[in-house]
Amino acid sequence: MHMADALLSPAVGGAMWVVAGGGITYCAGKIRDDMADSRIPLMGVLAAFVFAAQMINFTIPGTGSSGHLGGGLLLAIILGPHAGFLAMASVLTVQALFFADGGLLALGCNIFNLGFIPCFVVYPYIYQLIIGQTPSRKKMTTAIIVSAVIALQIGALGVVTETVFSGVSSLPFNSFVLLMQPIHLAIGLVEGMVTAGVVSFIVKADPSIILAADRRDDQQQSETSIGKKILLPLLAVAVITAGIFSWFASSNPDGLEWSIYKVTGSEEVEAPEQGIHHSLEKLQEKTALLPDYGFKNDEAAVVPGPENGSGSTVAIGTSVAGLLGGALVLLLMVLLGFILKIKRHSRTE
Amino acid sequence: MSHHIVEVKDLKYSYPDGTPALDGISFLITHGESVAVVGSNGAGKSTLLHHLNGYLTPTSGMVRIGDLPLSKSTVQAVRRSVGMVFQDPDDQLFMPTVADDVAFGPLNLGLPLEEVNDRVDRALTTVGALHLKNRPPYKLSGGEKRSVAIASTLSMSPDILVMDEPSANLDPQARRRLIELLSTFTHTKIIATHDLDMALDLCDRTIILHGGLITADGPTLDIFRDSALLRRSHLEKPLSMQGCPACGSMAVK
Amino acid sequence: MAKIESTFFDIGYLDTLSYQQSPIHRLDPRAKLIVTLVFVVAVVSFDRYEISGLLGFFLFPVVMVSLGDLPLGYLLKKLLLVAPFAVFIGIFNPILDRQVMIVMGPLAISGGWVSFISILLRFGLTVTAALILIATSSFAGVCLALERLKVPRSFAVQLLFLYRYLFVLIAETRRLLRARTLRSFDGRGLGIKVVGSLIGHLLLRTLNRGRRIYLAMLCRGFDGEIHTMRRLKMTGWDFIFMFGWILFFIVIRNHNLPQLIGNLLTGVF
Ligand SMILES: Nc1ncnc2c1ncn2[C@@H]1O[C@H](COP(=O)(O)OP(=O)(O)O)[C@@H](O)[C@H]1O
Ligand SMILES: [Mg+2]
């Protein structure tokens, strides 16, 4: 369920990077305050553990397909939300770098969907709420399963929202939601059951582990309000950054307007937009700063229009030229690659 | 200055979950001594060693290192003079490269960079691992890891070396090399092990732990000759002292 | 099981690549990190129907792979392995967006197919960029760069710890899994209950390991700060590399290079 670079627009990706970065900085500061504690190495090894545990796959009953451990919730339960978030963020960073799970720009989205949501939304507002003041085995199991399901549902919703707002995929919001949510309901249930199994195993073997985490939270009673303390400012930051980014790229149909148009399917939004786009185009052509921006937009907007016959001839001309030029460029690059490689080897030998 | 460098007096310790691990232990170790602490699994060896650098605080009793009785205020100084080599070198080598790892201690001491570099090179040379300097620890063999782990404590210039089962998981050749290396050290050494052959090679004195109590403390050779004592402590005579069945002398089962 | 083996192989292999010597490997990791980020942002900033404009960006991976002595076949294979998600989402474009966009003789190509191809191209470019970064900078190098670029230190340290113990834990997981595989028949013993205790077991060991590592750190004077000896220094080459590429990205982002060449060619005919 990783978000991928290929589906992202810079506005959405950048905004989520800012959010993830803000979360990391905030949590790192928190951890720093009580640095003497043994969580420093523990976070690292537990992150490695989540990584390793995700490779233990299991059959989801009745479906024959397989699932794996999510990790964010488990880390929050063992380490508390701040350290848990940092650990989960590091897992996702390594996955982005080594396995191209998502990619670098999508890292912000993934940290938000799979780290921030379980640690700062679900853990304080669902998990701790169900557990209450007097934890019991049964409550814990319920809390974990419910939390896992909700965390994954919100996470999947995050993927959908980020994708739709980026506007690279044509999937409209409604169908995408219908596609993603049910799949993740099943996965969430299984993930929750496994996480509950793991936690109950741990509690049986050494109750002090989870108890210690609980006690830590008692000491920092304020942690229940972390949601408010960190969630709202970060969301505000996200909206503002996305706004700024998309304002800069406002002639880019990848941006927010396009997807709003796509999602609502209403034409009204388009009409005034056309005007803005048009004047911006003119401006760009004059300054020649972003020439193909306006041009492409024009193409995309005009060509599909059925009543507009003249648009397609333009498209043919440009696209044939584009294809030809593209082929040539690719050919040149392959050649260049070979030459560089050969030169380099003749030098090293 | 006290003549005794390590003093443990009436040390008792129970783990937080109630497991009693040490049940009243006393001994004195003098400068330059090499002492083997032997005992079967769960005898309390690791628990004892963890008291020597203040990781565990006695339930009752006292530990003194040099002139300093171990307490919260002296624990930093004590850790500087007690170098601890862990049973699993992976636990000890946590930095990205061997050099970083050996430098970790000296950098924490706040030494200047040239001095740190110097110490890193010296420590790695001592254990014969200078060529591994820029390698990441996960690319080392078991024996190499052990050597680097020792170097990372040597770089702190400790007075006392405390080692927890240093020969565990080593192949015979690496184990032999380790024994040769350790025999060149002039530090006071405390080695927890159930490798009695190594104890015999390295330590003049042996303390046997069993069930959290000292069942024997004396010259290694005398202790290892006492088959009844060893059996009571769930230990076996070192191979080098067992008779050779093939050549007709008495075999000890 | 296949997954864990291939994961292990991948990390190890990329790690090995990152210790090679080449002009690219010698560059400051900060320069490479920044260039990679600019590259990714530039690539994804195109509109959804862009194809030709993206092609110019292939110059970056081509140069990095050849000068950095990276195995092309391996990178391509990795690309194919992670492709399904992008395909999964992207494939809806041709289904949903059927308006004809390009007509070439009898061939009518819908906007959906154009944007689908665009997604695949973006995907190829961004994924290879991340892999190239790690294969030429080493993970520790990237972490160091992050730290110097003001990423919170405790996060950079986390990453280092994670990476260091990944190798240890994957080996441990393999042993556990092998034991499970040997004792399970017909898919029995692979269920949730078994997995719960299997992972629980691994977690318990990990927690104990975390404690021992902490102890080892305390023994060597750990006081909350992790110091490293490695120093980074940006040289003239690093700046040339960095600004050269960024300038190139800006130019080809704003001027469709293949299109220009194509226009020139078609103009000639
Ligand atoms: N963290 C712990 N919590 C509870 N009991 C422990 C812990 N570590 C060790 N013990 C118990 O203390 C006793 C001594 O263990 P240890 O010192 O590790 O023995 P040795 O190192 O000689 O094998 C054993 O009974 C063991 O089960
Ligand atoms: Mg032990």
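Helices (H or I, at least four residues) and strands (E, at least two) are taken here as DSSP runs, numbered from the N terminus. The structure is a predicted model, in which local features need pLDDT of at least 70 and side-chain atom pairs count only at pLDDT 80 or more, while totals for chains, interfaces and linings use all residues. Residues are numbered from 1 along each chain as its sequence is written, chains are lettered from A and ligands numbered from 1 in the order in which they are written, and side-chain values use heavy atoms, with hydrogens and water left out.

In chain B, helix α1 (residues 45–52) gives the most to the shell around ligand 1, with three residues. A residue is counted as near a molecule or strand if one of its heavy atoms lies within 4 Å of it, and the residues that surround ligand 1 include B:Y15, B:D17, B:T19, B:K45, B:S46 and B:T47. By class, the shell around ligand 1 holds three nonpolar, seven polar and two charged residues, where Ala, Val, Leu, Ile, Met, Phe, Trp, Tyr, Cys and Pro count as nonpolar, Asp, Glu, Lys and Arg as charged, and the others, Gly among them, as polar.

Polar contacts are pairs of N or O atoms within 3.5 Å; within protein, one must be able to donate a hydrogen and the other to accept it, and residues adjacent in sequence count only if both atoms are side-chain atoms. For ligand 1, a polar side-chain atom of B:S46 lies 2.7 Å from an oxygen atom of the ligand, a polar backbone atom of B:G44 is 3.1 Å from an oxygen atom of ligand 1, and a polar side-chain atom of B:Y15 lies 3.4 Å from a nitrogen atom of ligand 1. Of the 560 Å² of accessible area that ligand 1 has on its own, the protein covers 64%, with accessible areas taken from the Shrake-Rupley method with a 1.4 Å probe and, for residues, only the protein chains shown counting as cover.

The interface of chain C and chain B was examined next. In this interface, 31 residues of chain C are in contact with 31 residues of chain B, contact meaning heavy atoms within 4.5 Å. The area buried between chain C and chain B is about 2900 Å², of which carbon and sulfur atoms give 61%; buried area is the accessible area (1.4 Å probe) that two parts lose on being put together, summed over both. Within chain C, the residues that lose the most area to chain B are C:R164, C:R220 and C:M229, which together account for 32% of what that side buries.

Side chains of opposite charge can pair when their charged atoms come close. Six salt bridges are counted between chain C and chain B, a salt bridge being a side-chain nitrogen of Lys or Arg within 4 Å of a carboxyl oxygen of Asp or Glu. B:D90 forms a salt bridge with C:R164, with the closest N and O atoms 2.8 Å apart. This pair crosses between chains, from B:D90 in helix α3 (residues 89–92) of chain B to C:R164 in helix α10 of chain C. Between chain C and chain B there are also 11 residue pairs in polar contact (both at pLDDT 80 or more). On the side of chain C that touches chain B, α1 (2–17), α10 (153–183) and α11 (192–219) of chain C each supply at least two residues, and α11(C) gives the most, with nine residues. The residues of this side divide into 17 nonpolar, four polar and 10 charged.

The contact between chain C and chain A takes 106 residues from chain C and 110 residues from chain A. About 9400 Å² is buried between chain C and chain A, with carbon and sulfur atoms giving 76%.
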